[in-house]
Amino acid sequence: MLSLLRTIWLVFLHLFHKKATIEYPEEKIPLHPRYRGRIVLTRDPDGQERCVGCYLCAAACPVDCIALQAAEDENGRRYPEFFRINFSRCIFCGYCEDACPTYAIQLIPDVEMAEFHRQDLVFEKEDLLIDSEGKYPGYNYYKIAGITAGVKETGQGANEEPPVDVHSLLP
Amino acid sequence: MPTIYIDSKPYEALAGKNLLETCLGLGIDLPYFCWHPALGSVGACRQCAVKVFKDAQDGTGRLVMSCMEMVKEGMRASVSDKDAVAFRAQVIEWLMTNHPHDCPVCDEGGSCHLQDMTVMTGHDYRRFRYKKRTYENQNLGPFLHHEMNRCIQCYRCVRFYHDYAGGKDLGVFAAHNHVYFGRETSGILESPFSGNLVEVCPTGVFTDKLLKEHYTRKWDLASAPSICQHCSLGCNIFTGERYGRLRQITNRYNSEVNGYFLCDKGRFGYAFVNDVNRVTRPLLRNQTIEAVDEAPLMKTLREMLSGEELIGIGSPRASIESNFSLIQLVGRDNFYQGLPEYPAYLSGKVAELVQSGALYVPSLKEIEASDAVLVLGEDIWNTAPVMALAVRQAVVRTAAAQAGKQSGLPAWHDLAVKEATQEKKGFLANLTVCPSPLDEEAAFSLRRAPDTIARLGFAIAHAIDPSLPSLPDISTAMRSIVNSIAGALRSAQHPVIISGVSCYNEGLIKAACTIAAALHTIGLRAGVAYVLPECNSMGLALLHAPSFDNATARVLSKPGVTAIILEADIYRTVAEKEADAFFDACKHIIVLDSMHNRTTQKAHALLPAAAFAETDGTIINYEARAQQYFQVLAPQQDIRASWKWLGKLKGLRAAAGNGQQVHPDEILQQLEQALPAFKGISRVAPSPDFRVHGQPIPRDPQRYSGRTAILANLTVSEPRPPQDTDSPLAFSMEGYPGIPPPALIPFYWAPGWNSNQSVSKYQQEPGGALRDGDPGVLLSGQAVLRLTGEEKPTAPPLFMDIPEAFEAREDRWLLLPQVHLFGSDELSSYTPGIRRLAPQPYIGLGEADATALGVIEGDDIFVWLEGKACSFPLAIRKGLCPGITLLPMGIPGIPVPQWGSWVKITLSEDAEEIRCPSKIF
């Protein structure tokens, strides 16, 4: 009898507690900025695609759900000709983000990806590419890489000597 | 065998080797850069340091470069010594200070020796925070991409390009810490072996430009063992596939054949497989929609086949399985070669000699080890480039071996041996129609007409064995050359004579054999190698089928037959008029081919045949070595292997139509039973049901990516991968992860060794044979005798029919083909880079003829082919003997002439005959 009354009392008290649930979807869940949700492809500060099609994300993916094809523009800049993620296979482990040497592929705090058809979970490059630098603003891979790719002149990158004069024997 | 102690453990080592190759052979991982098994040691990169101890009591030891240290009995070394490890780590850190952060955009990444070595030494974090050295890159032509920033100055590129392959236009510039490897100015690399720089360079300075166009990492390539299809040498290659396209060809090591290197035609000539000109659907001509489905196709084919008389035209570029399936379909008496009478006769003659057992046909490795080489007529630089590379090694190594013997230096001590050798060279006599880059290595190089070269060959045979008929009319100057060549061959231990069929001259073939017979009388076993035009020319010749002329004669005398033409463009080998006559007389024409060409236009029914990367097959190289290639692409649409189509046709013909598919190994077994010349060919590779621990051999590497996304745009439920019932290889990454039998190795990879340097894990010793022996079965008579243990030195046949001396005619020129490495071959010319390097049509005349005719380079000259005047710009060929004219072979825009015939040349179209006054000879 006593326990019954105690339970009723406790339930009654919960009326005045802060709510554990939220009014989803009207109200959104607060997710940590580094939450591993939907995968996006970001752009560098110049607005160019960051992805250089190095295939490291695809190699790192434990469920092999990333396929891409690298291509090269007339300046020698690499970009993915297509970039496909099969989200119906993705386990959101974030290994692709860890593997990415150019901060191109990033997992963002967005989990609203439900679809009625599995086929709709196959995302192509157009679906993945966003107009943002994502979590790593200011980073431009080609400023640091050895190749020029139309971004800089030889020897003009960060931490680069001017090109060697091969006719010189001076030390 | 000396016993050496590495980290206090005793090992048996091979005497005369250096410590680095010994360690690698024993399976001990030791980093290195500048050493290469084919190039030797120079001790330049300081990466392979180990500690060597004086004796068991010595606890201090000293650091040495293991590549420069000869193994000695009782030697004590330590790879894992603290100081040695620290030294190696320090060296790589220095090398990496200037290496750019390029791996994501570098084509070498994932198959990079520098990456492997960096990981192996444990250098995983850069401490260097200062500026990096940069270089301007060069445009090196259509095949190679140059990215000098990545260079680690190991010197391997110039040691291969300059020292090994004899190239002149790649060198070292500047000094100190800014050494530059490149050409003097941007430009196309001249050497036809430049593609090997991709594999020789331990990092990404030289990368494959063709791969760049559809770049794929090594771990994403499904690979299979294959055989190059562009000449008669049969170099072993790996084919790499991704997304249903052929992406890359790399070298597959075979110590007997190509070793570590390929030519650029073999490496880059694969673009035809992906070309838009492929036949992908069966076509029935003369109807509104030509592409047809299975049912109507079979109905028409049944009509074409049943009750009709069949003849089959075999192909020198189709596999032996396909050719034999055609024989099974049409019957032996109705099987012909797609070649005119004379070339078919010449290949048949070569096949007969090779098969007889009297001739010792050297492998490329044996040519490399030869100490005197005589080339009779064949322009091997263009017709068999890797053989030219082997001949160059013979020349270099003979001199190096002599120098090494005098100075006591081991052969791997590259720089010291070179120093001791200086400019000395082994013996090579290059007697050809046209100048060749090989002349630089030659002690004697002569430009003569084929008949004259054949006569010189007979004169050499006479000089060796005076009982043979002499040639009294040879000039004194020439006689001294003949005597010198004969003397060099006599004093050699392993003489090799190389000839071939590209001069359309039987005398050359006979002369080569006669010289070997003469050498036999003085107790020397001379090797004789005959170069043939196509990858399976030997296989087709061993079938001893009549020529196309016989087929035409038969069809013309009794029209109304159904002709089945296998993978051959008849219009490339046979004159247009004759080919037209043949096709017009046929009632039905069924053509199987992979590319659309003039012959396929004649087809009433055209069946899409698989290219070499899409099917399994066996081809037979110049030394009658049967080698199997394996499928790497699942063929698109209705493409099927020719032997599968022919099996289907056989079913239709027999009316039973059981449609039962046979495997290639069953065809080979039937071939063996039907034709004893092919005995042993079914041992060429393990049968389709071969398994290791119940597992097939995977084509995909362990790290193959994207399985669940590649086809997800088409259907999200992953379809079953293609099943391969024809070979023990699987289209999967699942299977036996260890080292498969040598014929089935799909790629080289070992833990920690992602680059092609991992090949040492597959070899018995670095630079030696593959474990369990190199793949391939020799079908030559000598090999058969060797197997049965009956090998005894039989004398090669003697020929006494010396041709008449060549005499230039006043009003006619002897028409000979000039084979071009780039352009003369049908399939490789689909690669844009090869097409770019191919010559434009020209007509070649010697300087004397050009002066006598009063024409200069570039003038339009008319040559009369088949009664028609064809105009081509003149190209003056230095040293070409008067009375001979050359046309480039296989170049579009030149009608197929009768090679070896006498043609008329005029300066204008109105047939005014000209007489050439100068006949100096």
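What percentage of the 171 residues in chain A is buried? And which residues of chain A carry the UniProt feature "binding site"?

Modeller: Keep in mind that this is a predicted model, where local features need pLDDT of at least 70, side-chain atom pairs count only at pLDDT 80 or more, and totals for chains, interfaces and linings use all residues. Residues are numbered from 1 along each chain as its sequence is written, chains are lettered from A and ligands numbered from 1 in the order in which they are written, and side-chain values use heavy atoms, leaving out hydrogens and water.

To your opening question: 40% of the 171 residues in chain A are buried (under 20% relative accessible area; over 50% is exposed and in between is partly exposed, with a 1.4 Å probe and protein chains only). Chain A has five helices and six strands, arranged along the sequence as α-β-α-β-β-α-β-β-α-α-β. Those are DSSP runs numbered from the N terminus, with helices being H or I of at least four residues and strands E of at least two.

The C-alpha trace spans about 100 × 40 × 25 Å along its principal axes. Still, of the contacts in chain A with a separation of 6 or more, 68% join residues 24 or more positions apart (contact means heavy atoms within 4.5 Å).

Now your site. An unreviewed UniProt entry puts "binding site" at A:C51, A:C54, A:C57 and A:C100. They are spread over 50 residues of sequence, yet they cluster in space, with a largest C-alpha distance of 10.4 Å. A caution on that label: UniProt positions are given in the numbering used here, feature names are shortened, and annotations may be inferred rather than shown by experiment.

Take A:C51 to begin with. You'll find A:C51 in the loop between β1 (39-41) and α2 (56-60) of chain A. A:C51 is buried, at a relative accessible area of 8%. Leaving out neighbours within four places in sequence, A:C51 is in contact with A:L41, A:R78, A:Y79, A:P80, A:F83, A:T102 and A:A104.

A:C54 also sits in the loop between β1 and α2 of chain A, and at 7% relative accessibility A:C54 counts as buried. Look at who touches A:C54, though: not counting residues up to four places away in sequence, there's A:P101, plus B:P104, B:R217 and B:W219 from chain B.

While you're over in chain B, UniProt (an unreviewed entry again) lists residues 83-122 of chain B as "domain: 4Fe-4S His(Cys)3-ligated-type". That span is 60% helix and 0% strand, and its end C-alpha atoms lie 14 Å apart.
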